[in-house]
Amino acid sequence: MTVSVPELASPTPPAPPVSLAALLARRDLGLRLLAGPGDVPLHWVHTSEMADPYPYLLGGELLMTAGVQLTEPARYVERVVEAGAAALAFGVTPVYDTVPAELVEACARHGLPLVEVPPRTPFTAVARAVWRLMAEARLHELRRVTEAQQSLAAAAARPAPVPAVLGALASRLAGRAVLFGADGTESAAAGRAVPAESARALRELAGVLGPRPGGPASASGDGGGLRLAAYALGGGDGLTLGIATERRGPGDHTIAGVAVVLLSLLTAPHRGADVTVRDGALVRLLLGAAPAEAAGALGPGPWTVVHASGGDGTPFAAASLAAALGTPLVDTGAGAGGATASGTGTGTGTGTDTGAGAGKAAPGTVRLLLPSSAALTPQDGWTLGASAPVPAADLAAGDAQAARALRRAEATRVALVRHRAGGFAGLVDRDEAAAYARELLAPLGEPLTETLRAWLSLHGGWDRTAVATGLHRNTVRQRIARCAALLDRDLDDPDVRMELWFALHSAPNAGQRG
């Protein structure tokens, strides 16, 4: 068995490779295979007329040449093979009328695919065809990853979530998924059976990780003709996920990362039956169920919604944050591993927003749900935004509050910002205040209202408002000047700013037009 610990980035690009056979199948190019296999993977295209292209190759390329400096075909092929090029494409004309026989023989001897490019086909057409095939493969891979993530999220909501997640993972990767205990024994497994040699190699690979503090989080290898991978779970009790597949696709690591996060939470030592029910309710929320449908399982609350950005970029970052905050209720849908989910981020609550997309988690955001009594403190490497305590039926409002709080934390570079409500505004009759606020803010449309809201919340800071709203600072200045003109108010006057701030909170939907 060969082992790589930890799993390192490949020198090839993240886009899936394309088969030479797919390129040869393009009739418009008129390519012809003269030697070598036709099913090798191509990672990119490179054109060179150097006598020795070896120093300029990374491996995996389709190297194209017209043979301008081809003086020793046998030596040329040896150097191309040593560099790890996937295939050689030779352009007929303007230097040669046919592909040199010595070049064909050398490629056949070394097993290097040799493709003839006809005079009517420019090299750029071949390169463009490869990029298009890669784009199609990348789109297919993204769809596969998205579907796998949705399948894993649904499996985590089933009555027996751990076997269900393992089964979904094994199905999506067309292999076997095994959960190993700290002592190396199989705790659970799913998927097709593998040869004894592969099973033994997978167990040994999982043992390489083990429960050692600071040890590697993942490892990969080969055994029994299968591709193997192992991932340490984040529960802290030495559990390891092992995966055996016939091939390893570019998106497989991402899919496995989502499974690792789910299994880390599902197998955490502090879990109980009530927590399992709550997790299922949260997953239903993330998959689009109405909050009221899951409120019974979650409990009446109140709850605090937390949005977090940051982490170390690994699939285990969200699990570590959830463990530090003492909650298994975590949504990595917009963050770690790139999982996707929808539900609580509808923006239909009573909260207001400093920019577009109220209640929607930005890319790279992790969402968590904590009992309001739980201690919430800043976490190293993370920026946190927290909602006010809300009942389970109002999680959408809490989600919007947390999203706004996170944007404010990022704009002000503060580790933790909490949504605050009430104060003096609570002493004013709500209906009267809302009526007055709607009248005061009537001249403003929604874009101006939201920009004004962000600007006031950040004490008139142009740069920080630009960061929070995603606008250019000059656009922010123009919008604020327009607000001052339409309202006929001096926005440098602190009394005016205070009145407008109360108005924006009293009429959260001001500026929106039906």
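**First stop: Leu-169 and its surroundings**

Select Leu-169 and display its neighbours. Leaving aside residues up to four places away in sequence, Leu-169 touches Leu-152, Ala-177, Leu-241, Ile-243, Ile-255, Ala-256 and Ala-259. The model is a predicted one.

Now widen the selection to the core around this residue. Leu-169 is among the residues with the most contacts inside the largest nonpolar core, together with Leu-152, Val-165, Leu-166 and Leu-241. This core has 31 residues. Two or more residues each are given to this core by the helices α4 (123–156), α5 (161–173) and α7 (252–266), and by the strands β9 (175–180), β10 (186–191), β12 (226–232) and β13 (240–245). Apart from this core lies another, of 23 residues; select Leu-62, Ala-86, Ala-89 and Leu-133, which are among them. In soluble globular proteins, nonpolar side chains tend to be buried together.

**Second stop: the aromatic pairs**

How many aromatic pairs does the count give? The count comes to two.

Select Phe-90 and Tyr-96 for one of them. This pair is edge-to-face, with 5.5 Å from centre to centre and 65 degrees between the planes. Is Phe-90 buried or exposed? Phe-90 is buried, because its relative accessible area is 1%, and buried means under 20%. Tyr-96, at 23% relative accessibility, counts as partly exposed.

Next, select Trp-455 and Trp-462. The ring centres of Trp-455 and Trp-462 are 5.5 Å apart and their planes stand at 35 degrees, so this pair is tilted. Trp-455 is buried, with a relative accessible area of 2%, whereas Trp-462 is partly exposed at 22%.

Select Arg-79 and Tyr-54. Arg-79 lies over the face of Tyr-54, at 4.1 Å from the ring centre.

**Last stop: the whole chain**

The chain has 16 helices and 18 strands. Of its 514 residues, 48% are buried. Among contacts between residues at least 6 apart in sequence, 68% join residues at least 24 apart. Finally, switch to a surface display: the accessible surface of the chain comes to about 23,700 Å², and 54% of this surface belongs to carbon and sulfur atoms.

Key: Residues numbered from 1 in each chain as written. Predicted model: local features only at pLDDT ≥ 70, side-chain atom pairs only at ≥ 80, totals over all residues. Heavy atoms only, no water. Helix = DSSP H or I, 4+ residues; strand = E, 2+ residues; numbered from the N terminus. Buried < 20%, exposed > 50% of the residue type's maximum accessible area, 1.4 Å probe, protein only. Contact = heavy atoms within 4.5 Å. Areas by Shrake-Rupley, 256 points an atom, 1.4 Å probe, with all protein chains shown as cover. Core = buried A, V, L, I, M, F, W, Y, C linked by side-chain atoms within 4.5 Å. Phe/Tyr/Trp six-rings, centres within 6.5 Å; stacked < 30°, edge-to-face > 60°. Lys NZ or Arg CZ within 6 Å of the ring centre and 35° of its normal.
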